[in-house]
Amino acid sequence: MSEKNSKNANGLVPLIATVLVGIAAVAAVVFLIVMNSGDSGSNESSSGLPSNTSIIFHPSQELVEECNNNAHDLVAGNYEILKLFMLEGTPHRDEPYGNEPEDGYYTAISARYAVYADLEAFVKSVFTADEAERILHNFDGNGLAVYKAREEHNGALGIIASFSPDTSYNKPWDSTRIQFVPVSETECGLTVFLGADENTDLSSVPQEDTLEVSMVKTADGWRLTKLVY
C-alpha cells in the first residue's frame, strides 16, 4: 500500500486517515493525508485504488473523526475477543473432586465477564449481528461454542473443557496502526498494520501482518464485519 500522493483522474480529493493504536496503552494519533493535484507518476493512489478510479464520496470532518474513534475501539475489541476465543481463553474453576464437567464446560474465572451475558454483549458491541453469532456459536465452522451460559450456575460464564490456546499464533499486536477510508456515511474500509508504530514505513509491513476489514454503521453503532487475525 503506497503512501505517496498521486493524482486522481477526476481531480477529486480522496482522504485517508492513519491511526496509531496502542493495544496495551489506549492512545491514538491521527494523520490526515490529502491527495494533491500533482502527478507523482504512480499507477496507484494511497487508497489502494488505481489512480484513474473515480472517487466520488467526500467524507465530512465529523465522519472522519467518528471513523477514527470507532476504528480504534473496535480493533482493540477485536484483539480482546481473539485472545478470549483463540489465544488465551480464561482461567476456570475445577469441578468437585476433579471431575469432568457434565455439560462439557468449566465455570470461567473472569472479573470482566461474571456471567455469559456480559461476554455476549461485548462481542455484539464489536461485530455485526451475523459475525457475533458466528463467533459465539460456531467459532470453528463446525458448531463450536467456546463459551456458554452455565444455567445451573446462575448463567455464569462457562468455557469449554477442551479449550486449548493456539500457541502457534505470534502476530505482533503489541503495536498497531490503522489506515481507514470512509466510502459512505455508513461504511469504512480499514487496513490494520500489526507491529507498526508512528515511525514505521507501512509499505514494509509484511503481507501476513496486514489485515483488511470493513466497519459498518448499524442501528446500534459502528461494528466490524468480521474477526481479523
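Me: In which sense do H2 and H3 cross, left-handed or right-handed?
Reply: This is a predicted model, and in it the axes of helix H2 (residues 116-126) and helix H3 (residues 129-137) come within 9 Å. The sense of the crossing of H2 and H3 is right-handed.

Me: Which residues of H2 and H3 make the contact?
Reply: The residues of the contact divide into five nonpolar, one polar and two charged. H2 contributes Tyr-116, Glu-120, Val-123 and Lys-124. From H3 come Ala-132, Ile-135, Leu-136 and His-137.

Me: At what angle do H1 and H2 pack, and what is the handedness of their crossing?
Reply: The axes of H1 and H2 lie 9 Å apart, at an angle of about 135 degrees. With that angle, H1 is oblique to H2. The crossing of H1 and H2 is left-handed.

Me: Is Leu-74 buried or exposed?
Reply: Leu-74 is found in helix H1 (residues 61-87). Its relative accessibility is 6%, and buried means under 20%. Leu-74 therefore counts as buried.

Me: What is the separation of the C-alpha atoms of Leu-74 and Val-126?
Reply: Leaving aside its neighbours within four places in sequence, Leu-74 is in contact with Ser-125, Val-126, Met-215, Trp-222, Arg-223 and Leu-224. One of these, Val-126, is 52 residues from Leu-74 along the chain. The C-alpha atoms of the two are separated by 5.6 Å.

Me: Is Tyr-97 buried or exposed?
Reply: Tyr-97 lies in the loop between strand E3 (92-93) and strand E4 (105-108). Although Tyr-97 is not a glycine, it has a positive phi of about 60 degrees. Its relative accessibility is 82%, and the cut-off for this class is over 50%, so Tyr-97 counts as exposed.

Me: Where does Asn-154 lie?
Reply: Asn-154 has a positive phi of about 60 degrees, although it is not a glycine. At 74% relative accessibility, Asn-154 counts as exposed. Its place is the loop between strand E5 (147-150) and strand E6 (156-160).

Me: In what order do the elements of the protein chain run?
Reply: The protein chain has three helices and 10 strands. From the N terminus on, the order is β-β-α-β-β-α-α-β-β-β-β-β-β.

Me: Among contacts in the protein chain between residues at least 6 apart in sequence, what percentage join residues at least 24 apart?
Reply: Of the 229 residues of the protein chain, 41% count as buried. The accessible surface comes to about 11,800 Å², with 48% of it belonging to carbon and sulfur atoms. Among the contacts in question, the share that joins residues at least 24 apart is 62%.

Note on methods: Residues numbered from 1 in each chain as written. Predicted model: local features only at pLDDT ≥ 70, side-chain atom pairs only at ≥ 80, totals over all residues. Heavy atoms only, no water. Helix = DSSP H or I, 4+ residues; strand = E, 2+ residues; numbered from the N terminus. Buried < 20%, exposed > 50% of the residue type's maximum accessible area, 1.4 Å probe, protein only. Contact = heavy atoms within 4.5 Å. Areas by Shrake-Rupley, 256 points an atom, 1.4 Å probe, with all protein chains shown as cover. Axes fitted to C-alpha atoms, helices over the stretch in contact; angles between N-to-C directions. Left-handed = near helix turned anticlockwise from the far one by under 90°. Nonpolar A, V, L, I, M, F, W, Y, C, P; charged D, E, K, R; others polar. Parallel < 35°, antiparallel > 145°, perpendicular 65-115°, else oblique.
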